[in-house]
Amino acid sequence: MDDIASIVKGVTRLSLVIMAGLLLGWALHPETRIYTLGMVLGMVGGLVSVRHLGAKTRKVARAVATQESRAFSLGFISRISFAILVVMFSVKIEHFSLELTIAGLFLPQLLTIPVGIYLSVKKEI
């Protein structure tokens with residue numbers, strides 16, 4: 001269960017660094033503000049989704065380890081609802097790029113692959 005926590009922590013750190021760079025671009029390059037804010041909004045939504053999935057996965061692993069017979073899920077409905085909420089916010093407020101908001105929703109999930117590979121090579125898992 002510790003490997004999931006370390007991957008989520010690594011994805012969180014990397015996502016925050018990327019978002020800090022995007023916000024720096026927002027401050028220094030006014031012509032691209034719509035695009036940088038859209039990507040930041042999407043990444044916030046994707047990061048919440050990754051953290052929620054990590055918590056649910058740890059909960060399921062704990063339930064399997066203790067042999068609980070209770071039904072459990074990975075929270076797909078709540079994660080997709082949050083993604084829809086982020087997209088609706090991007091559509092309603094016209095200061096966000098819808099395309100980059102949707103792309104930003106997937107970026108933290110995609111970052112789990114290189115972070116997981118890096119941590120397994122580094123042997124921190």
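Visitor: Which helices do the buried residues of α3 pack against?
Guide: This is a predicted model, where local features need pLDDT of at least 70, side-chain atom pairs count only at pLDDT 80 or more, and totals for chains, interfaces and linings use all residues. Numbering runs from 1 along each chain as its sequence is written, and side-chain values use heavy atoms, without hydrogens or water. Helices are DSSP runs (H or I, at least four residues), numbered from the N terminus. By contact (heavy atoms within 4.5 Å), the partners of the buried α3 residues are α2 (33-65) and α4 (98-122).

Visitor: Which residues of α3 are buried?
Guide: Buried means under 20% relative accessible area, exposed over 50%, partly exposed in between (1.4 Å probe, protein chains only). In α3, the buried set is Arg79, Ala83, Val86 and Ser90.

Visitor: Within what arc do the buried residues of α3 fall, seen down its axis?
Guide: Take the directions from the helix axis to the C-beta atoms. The buried residues of α3 line one face, because their arc is within 60 degrees.

Visitor: How far does α3 reach from its first C-alpha to its last?
Guide: Helix α3 spans residues 76-92, 17 residues. Expected span is 1.5 Å times one less than the residue count. For α3 that gives 24 Å, and its reach is close to this, at 24 Å.

Visitor: How far does α2 reach from its first C-alpha to its last?
Guide: α2 has 33 residues. The expected value is 48 Å, and α2 comes close to it, reaching 47 Å.

Visitor: Which residue just after α2 takes a positive phi?
Guide: Look just past the end of α2. A phi of about 55 degrees belongs to Gln67.

Technical notes. Helix = DSSP H or I, 4+ residues; strand = E, 2+ residues; numbered from the N terminus.
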